[in-house]
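Please look over the sequence and the model before reading on. The report below goes from the overall fold to single residues, and then to the ligand.

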Amino acid sequence: MSQLYSFAVGVGSKNSRGEWLEVFYPAPLLNPDAALQDIIRVSLGLTAGEIEPSTEQLAALCSALSHNGFGQFARSIEQLATSSRPVVAVALATNSAPTTVPQAYLKLHLLSHRLVKPHGTDLTGIFGVLKNVSVGAIDIDELPNRLLQARLAGQPLSVNCVDKFPKMVDYVVPSGIRIADTSRVRLGAYVGEGTTVMHEGFINFNAGTEGPNMIEGRVSAGVFCGAGSDIGGGASIMGTLSGGGSLVISVGEKCLLGANAGLGIPLGDRCTVEAGLYITAGTVVTMLDANKKASGTMKARDLAGKSDLLFRRNSVSGAVECLTNKSAVELNSELHTAN
Ligand SMILES: CC(C)(COP(=O)(O)OP(=O)(O)OC[C@H]1O[C@@H](n2cnc3c(N)ncnc32)[C@H](O)[C@@H]1OP(=O)(O)O)[C@@H](O)C(=O)NCCC(=O)NCCS
């Protein structure tokens, strides 16, 4: 029997047609142990796919786990056995594209539990699989009636989002992080230990930080920021979900994207982009030598991934210039060790 890619038991919500809206997995597993896989097969009859286990099946699963050295995992899911809400067990045989809501949520959990890094799990087609949901979760088609019902009950609902990806912290708060405005980080973000996300900061799904990092700008889908990098206030990093871009952007270690800067190429380590400067792949860059004399021009895409570069817009001529970065950013250690 080949090794499972992932296994989890979760509790979630369905709409009135019995369709899954979302799932919360308290303890998703990546590449579960072969012994654990046997227990799943015997107690749930599950080798791959998903089932809605009965109370008896879940009790048998927890008992077998406890008696075979998986007590911690058993404790994390034992309360689900008595749940009055819908429970699902998902076993992903391989890392293939998600085809159901429980599978898609499991993959997003793997990222936010730091079990896989951005691009480390196949999310192909996830937009088509996920439903737009709102508080709770409520199917968007059923929201008007639920709002009315809540009013009539004297307990009005407040809708804090209408989205396919809920906020991460409603599902998991990874260790050692701070997020000033939790709505700015979506489930499926990978937020590394020691990361601070300030109010203007944003991290999309399948994107994130190695940690420690300071995020005061937008980390778009697919973007990963290396350790020690600082994304300044209002800075923007181009994603690939919309707008036609296909180049996957990453930021190396100890980089600084200045306030309101923009990035459309991958950066190597110890690079700085001046506050307010937006570099796109086609930007023509004047290269400056050690004496700050122009030595020629290059397209920014040809500088992709190179380290120790400082990009600035010459405040006299307007030309975008690139020179050797002599002072890589140092994060304020007090801010990041006290998370
Ligand atoms: C680009 C940047 C890193 C340069 O900072 P620096 O390396 O400290 O450079 P300095 O301001 O000391 O300038 C060094 C020299 O370059 C010159 N210089 C700097 N920026 C220039 C520009 N845009 N055009 C022309 N010359 C420039 C300076 O005049 C100075 O010249 P000098 O040596 O003849 O006196 C800085 O301006 C910046 O944008 N930092 C981002 C900070 C930020 O936004 N943090 C996030 C907060 S949320």
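A residue counts as buried under 20% relative accessible area, as exposed over 50%, and as partly exposed in between, with a 1.4 Å probe and protein chains only. Lys254 is partly exposed by this scale, because its relative accessibility is 34%. The model is predicted: local features need pLDDT of at least 70, side-chain atom pairs count only at pLDDT 80 or more, and totals for chains, interfaces and linings use all residues. Residues are numbered from 1 along each chain as its sequence is written, and side-chain values use heavy atoms, with hydrogens and water left out.

**Overall fold**

The protein chain has 7 helices and 26 strands. These elements are DSSP runs, numbered from the N terminus: helices are H or I with at least four residues, strands are E with at least two. Along the principal axes, the C-alpha atoms fill a box of roughly 75 × 50 × 40 Å. The chain holds 339 residues, and 48% of them are buried. Its accessible surface is about 15,300 Å² (Shrake-Rupley method, 1.4 Å probe; for residues, only the protein chains shown count as cover). Carbon and sulfur atoms own 50% of that surface.

A contact means heavy atoms within 4.5 Å. Take the contacts between residues at least 6 apart in sequence: 50% of them join residues at least 24 apart.

Gly208 gives an example of sequence distance against spatial distance. Gly208 sits in strand β12 (residues 207–209). Gly208 and Lys117 are 91 residues apart in sequence, yet their C-alpha atoms are 8.2 Å apart. Gly208 is buried, because its relative accessible area is 0%. Beyond four places in sequence, Gly208 touches Pro118, Tyr190, Ile203, Val219, Val223, Phe224 and Cys225.

**Backbone geometry**

Most residues other than glycine have a negative phi, and most peptide bonds are trans. Asn31 has a positive phi of about 45°. Asn31 lies in the loop between β3 (29–30) and α1, and is partly exposed at 38% relative accessible area. Lys254 has a phi near 55°, also positive. Lys254 belongs to the loop between β18 (250–251) and β19 (256–257). Pro212 is in the loop between β12 and β13 (213–215).

**Side-chain contacts**

A polar contact is a pair of N or O atoms within 3.5 Å; within protein, one must be able to donate a hydrogen and the other to accept it, and residues adjacent in sequence count only if both atoms are side-chain atoms.

Asn15 lies in the loop between β1 (6–14) and β2 (20–24). Asn15 is buried, because its relative accessibility is 6%. A polar atom of its side chain is 2.9 Å from the backbone nitrogen of Arg17. Not counting residues up to four places away, Asn15 touches Leu21, Lys131, Asp139 and Glu142.

Ser236 is in strand β17 (residues 236–237). Ser236 is buried at 13% relative accessibility. Its contacts beyond four places in sequence include Arg218, Leu257 and Tyr278.

Asp38 belongs to helix α1 (residues 34–44). Asp38 is partly exposed, because its relative accessibility is 33%.

| Side chain | Partner side chain | Distance |
|---|---|---|
| Asn15 | Asp139 | 2.8 Å |
| Ser236 | Tyr278 | 2.9 Å |
| Asp38 | Arg41 | 2.9 Å |

**Cysteines**

How many disulfides does a search of the whole structure find? The search finds 0, a disulfide being a pair of cysteine sulfur atoms within 2.5 Å. Cys62 is buried, with a relative accessible area of 9%. Cys161 is partly exposed, at 30%.

**Ligand site**

The ligand is surrounded by 15 residues (a heavy atom within 4 Å). The closest are Ala259, Glu274, Ala275, Arg313 and Ser315. Strand β25 (residues 309–313) gives the most to this shell, with 3 residues. By class, the shell has 4 nonpolar, 6 polar and 5 charged residues. Nonpolar here means Ala, Val, Leu, Ile, Met, Phe, Trp, Tyr, Cys and Pro; charged means Asp, Glu, Lys and Arg; the others, Gly among them, are polar.

A polar side-chain atom of Glu274 lies 2.8 Å from a ligand nitrogen atom. A polar backbone atom of Ser315 is 3.0 Å from a nitrogen atom of the ligand. An N or O atom in the side chain of Arg312 is 3.2 Å from a ligand oxygen atom. Taken alone, the ligand exposes 960 Å², and the protein buries 47% of that.
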